[in-house]
2 protein chains.
Amino acid sequence: MIDLSRRNLLAGAATVTAASALGGLSLTTAANAQGAAGQQAPGWYRYKVGDIEVTAVTDGINRFKFPDNFVANVKRDEVNKALTAAFMEADQMAIPYTAVVVRNGGKTTLIDTGTGEQNFTNSKGAAGQLNRNLAAAGIDRKDVSTVIISHFHPDHVNGLLLPDGTLAFANAEILVPDSEYKFWMDDGEMSKATGNQRMEGLFKNNRRVFGNESVKKQVKPYAAGKELVPGITAVATPGHSIGHTSHVISSGGKSVFVQADLANVPFLFVRNPGWHLMFDQIPDQAEATRRKTYDMLAADRTMVQGFHFPFPAVAFIEKTGTGYREVPVPWSPTI
Amino acid sequence: MIDLSRRNLLAGAATVTAASALGGLSLTTAANAQGAAGQQAPGWYRYKVGDIEVTAVTDGINRFKFPDNFVANVKRDEVNKALTAAFMEADQMAIPYTAVVVRNGGKTTLIDTGTGEQNFTNSKGAAGQLNRNLAAAGIDRKDVSTVIISHFHPDHVNGLLLPDGTLAFANAEILVPDSEYKFWMDDGEMSKATGNQRMEGLFKNNRRVFGNESVKKQVKPYAAGKELVPGITAVATPGHSIGHTSHVISSGGKSVFVQADLANVPFLFVRNPGWHLMFDQIPDQAEATRRKTYDMLAADRTMVQGFHFPFPAVAFIEKTGTGYREVPVPWSPTI
């Protein structure tokens, strides 16, 4: 006998929504309130790469009035022109975050971890959604056996820890790019950053996360070029950060290139590969890596999963006269 | 006390999934199994147009090897070239269906009804998903107060009836374009269609649906140019069918143009407005309407909700050298 009739479920959802308004934003309530008026659909999307099941899971979106140096080598007017051409609002930036879960042979791997659950409250629900959306997607955090980190920026590493400082993925090994780990843990490098507010902040945050005793026990640095878990290979794509790494998921002759921050929002940085994001650590190298990699992905017609592409963040790369254009993969209502 | 803990919910989902494998595909099981491995995310997406809440709800997708005359005035090779340019498979067509729910001032309006729930079994779950996705979106079919039909093709009208022949939206008035209703109910027009297999089939299907006694009682023909319910105005866009009608949802200075079949799949018919779909009743008129309307929508930068656009089927229209290009609106993880 199944007692979960639709009527009961909806009644349950209503109760839970009311409870949510009263009691705040626990994981349980958020996972159950979906479908209620004023609620957005849960942010996950599933597809297959050969035998491998991939689930794109959004952590949400960060909206802000961008500073003049957001694109470091281009004037604000030109950025606004690109936004207007993309039917977006001038002066406003909207940066989405989408992590990736790979299920293969009984193992569950998460690539990047989002801005952290504490950011859900801080952002009034706009971001920090990853754990909620994982739950909605039927993915138990306890089942995550490996977390792969692309690079050491807060929107990729902060989700490793829950707000109480414990591990978000308690049973997972944490694979980090070796060059990235070495750089951010190096006291000499940190001292060189003195006076550079952004770099100081990054060092501080990375020491907080990777200095955590529980994280330390699980961390394993990896070299690019290696298969990290069956079906997932690391590819060095440096520039955005010193050890920035992308990942290729492959199975049965199919593959998807999980690009991390090879380009930030596509309507600016895929269309204009020469534009330098204010967060690029080595901008010229980032640009060279971007052009070289997109030339390859466009020529090979390889599907791309982009951390900062609009959800579900799956696209092909088309070469244009002046750069590239992302061509979103049509949503499939079945897998 | 709320007893719907995440553990209980997941246990429930597992039970229901197992039951689904045993017992077929009831609404209840489909709504609960979401998130299970092998399951796609529920196909609904919500946004606001001023004060009005719009929910795009997919009925699924129809995939088939297309016949040579799929684009009536263009050779198969040219169609395949366009598919390849759009990173899609040659010789394969994938036509999505996305209906729209509008909630405004306590009223719930559904625009178009999909291929019908019986098609879920017929298509092995690929389409006929509308009622399942409405349930997932928290929309009770009993609460739908108005159904607006754009035109009398099966993927728009068949969802009016459940497989047992009763009304899918028991409490809804059914607003239909007057010229469309008149044409398909006219015995003289039907006799002229003798020998034209497709038109004969359409007459037969429309007589089945609109000859149904329960449907008859609820039907109200409407004229284009009128506000049908608060915030939704009908716009004549004839050609695809004789009385084909689009709808503008407006509130607080914002609007979205619900285009129905002004163009079928955008990667063919938005990019190439001169291409004639095999299902166009009056192809030259359909093309003229398409060009005129897209010129307007591109100039006004009006958001479009397209029945056959990839889910969530919201895009802007950009004018190009040879036609238009649809620019998908980025998914927002919040409303």
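Helices (H or I, at least four residues) and strands (E, at least two) are taken here as DSSP runs, numbered from the N terminus. The model shown in these views is predicted.

View 1. A:Trp331 is buried, because 24 other C-beta atoms lie within 10 Å and the cut-off for a buried residue is 20 or more. Leaving aside residues up to four places away in sequence, A:Trp331 touches A:Pro312 together with B:Pro310 and B:Phe311 of chain B. Although A:Pro312 and A:Trp331 are 19 residues apart along the chain, a distance of 8.2 Å separates their C-alpha atoms.

**View 2. Strands 12, 13 and 14 of chain B.** Strand 12 (residues 303-306) of chain B runs antiparallel to strand 13 (residues 314-319) of chain B, and 2 bridges join them. Here B:Ala315 in strand 13 stands opposite B:Val304. Strand 13 of chain B also pairs with strand 14 (residues 324-328) of chain B, through 5 bridges in the antiparallel sense. These two strands form a hairpin with 4 residues between them, and B:Glu318 has B:Arg325 in strand 14 as its bridge partner.

**View 3. The open sheet of 7 strands in chain A.** The strand order is 1-2-3-4-5-6-7, with mixed pairing. Strand 1 (44-49) and strand 7 (219-222) of chain A are the edge strands, each pairing on one side only. From one strand to the next, the twist averages 25 degrees.

**View 4. Strands 4 and 5 of chain A.** Strand 4 (residues 107-111) and strand 5 (residues 146-148) of chain A run parallel, joined by 3 bridges. A:Thr109 has A:Thr146 of strand 5 as its bridge partner.

Note on methods:
Residues numbered from 1 in each chain as written. Chains lettered and ligands numbered in written order. Predicted model: local features only at pLDDT ≥ 70, side-chain atom pairs only at ≥ 80, totals over all residues. Pairing = 2+ DSSP bridges. Buried ≥ 20, exposed ≤ 12 C-beta atoms within 10 Å, placed from the backbone. Contact = placed C-beta atoms within 7 Å. Axes fitted to C-alpha atoms, helices over the stretch in contact; angles between N-to-C directions.
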